[in-house]
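Hi,

Here is the structure I said I would pass on to you. Have a look at it first, and then read my notes below.

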Amino acid sequence: MKETKRTFAPKLAALYLGGSVAFAFVADYSLTHAGLSAQHVDDLQVYFMIGFIIVSALLIYVIAGLYGKRLVKMHEERMKSNMAIAHRLALAIELRDDHASGHNHRLGRYCQILGREMGMEDEEAEQLYHAAALHDVGKIGVPDEILNKPGPLTEPEIEIIRRHVELGSALLANSDDVLMQLAHRIVLTHHENWDGTGYPNGLIGDQIPLEGRIVAVADVYDALHSARPYKAAWPLGKVCEEIQRLSGSKFDPRVVEAFLNCREAFVEVDQDETPAPWLSMQSHMSAAATAEAGQKRRAS
């Protein structure tokens, strides 16, 4: 997009300047040799100037509109491409983590709901959905025996798990894309606590970006409300009580209030069986792998 701006704008300026000079020269030459009185020439020059300004304004309006549509289309295509990348990263997480099936999709939806409840525009909340799904992307670098351990973790194992924040941050760092920058902030801050006792940087209060505070609530909600090999799913009432108890210490009280206002929408997400975009990709990958295996068997 930047390259388009650098090449298109100078060309447009040169074309406009060249056209203006050519028009002024032709108009002046025609009027000078038309055999008209000086008064008529002056009057026509004024009319030509007014007409030129009107036509120029209309041309600029049309060209700017076309250019604007082109930029919007390029922006939409880039966003779709980056969302596809986000979906593939989310799929990589799901394939590694036995406990993550559906978690990233649900958490993204919870965050989208909370974002809207807290005043985000629809597009901003949708970006939060895609970015939040990458909150645990750093777990790609955590050993399988720890990541998929069926029981509680030891203290050394917990320290290794906590490294997923730094690993994910390094994976998404230094991107010039808005979606990846949002995902990077989420990865780096969703384990920070409102009272400053979180990790990795001990941020406190509003030092934690809003998206990190939103993901923190949504992540704990899904962890408590979902069954794990080492625990049963908590009922909704108990989950809400726990999140309320942690308001002001672990969680931003404003995000907790927003959660309590829209918890019915969370339940609708829990009951929605629509597959995540990356799970659809996984089905296509499995089908493609099966077809390829069949072809190899037939060839042999």
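Let's start with one residue. Leu-134 touches Ala-86, Leu-89, Ala-90, Ile-93, Met-180, Ala-183 and Val-187, leaving aside residues up to four places away in sequence; touching, or contact, means heavy atoms within 4.5 Å. The C-alpha atoms of Leu-134 and Leu-89 are 7.0 Å apart, although 45 residues separate the two along the chain. Leu-134 counts as buried because its relative accessibility is 1%. For that label, buried means under 20% relative accessible area, exposed means over 50%, and partly exposed is in between (1.4 Å probe, protein chains only). You'll find Leu-134 in the loop between helix H4 (122-132) and H5.

Before you go further, some background. This is a predicted model, where local features need pLDDT of at least 70 and side-chain atom pairs count only at pLDDT 80 or more, while totals for chains, interfaces and linings use all residues. Residues are numbered from 1 along each chain as its sequence is written, and side-chain values use heavy atoms, with hydrogens and water left out.

Now the whole chain. It has twelve helices and zero strands. Both kinds of element are DSSP runs numbered from the N terminus: helices are H or I with at least four residues, strands are E with at least two. Of the 300 residues, 38% count as buried. Among contacts between residues at least 6 apart in sequence, 67% join residues at least 24 apart.

The 15 residues of H3 (residues 103-117) should span 21 Å at 1.5 Å a residue, and the end C-alpha atoms are 21 Å apart, which agrees. The expected span is 1.5 Å times one less than the number of residues. H3 is mostly covered, with twelve of its 15 residues buried; among them are His-103, Leu-107, Tyr-110 and Ile-113. Just after H3, Gly-119 takes a positive phi of about 100°.

The buried residues in H6 include Glu-157, Ile-161, His-164 and Leu-172.

What is the phi of Asn-174, which is not a glycine? Its phi is positive, at about 65°. Asn-174 sits in the loop between H6 and H7 and counts as exposed because its relative accessibility is 82%. The other backbone feature to look up is a cis peptide bond between Tyr-199 and Pro-200, with omega about 10°. Pro-200 lies in the loop between helix H7 (178-189) and H8. I picked these out because most residues other than glycine have a negative phi, and most peptide bonds are trans.

Next, Asp-219, which lies in helix H8. Buried or exposed, at 13% relative accessibility? Asp-219 counts as buried. Leaving aside residues up to four places away in sequence, Asp-219 touches His-103, Leu-107, His-135, His-190 and His-191.

H8 also turns up in the largest pocket, giving the most to its lining with five residues. That pocket has a volume of about 1,100 Å³ and is lined by 33 residues, of which Lys-139, Ile-161, His-191, Ala-223 and Tyr-230 lie nearest its centre. By class, its lining has 14 nonpolar, nine polar and ten charged residues. (Nonpolar covers Ala, Val, Leu, Ile, Met, Phe, Trp, Tyr, Cys and Pro; charged covers Asp, Glu, Lys and Arg; the others, Gly among them, are polar.)

On a 1 Å grid over the protein atoms alone, a cavity is a set of points where a 1.4 Å probe fits but cannot get out; a pocket is an open set with protein on both sides within 12 Å along at least five of seven lines, and lining residues have an atom within 4 Å of a point. Grid points are joined across faces, edges and corners, and a volume is the space filled by probe spheres set on the points.
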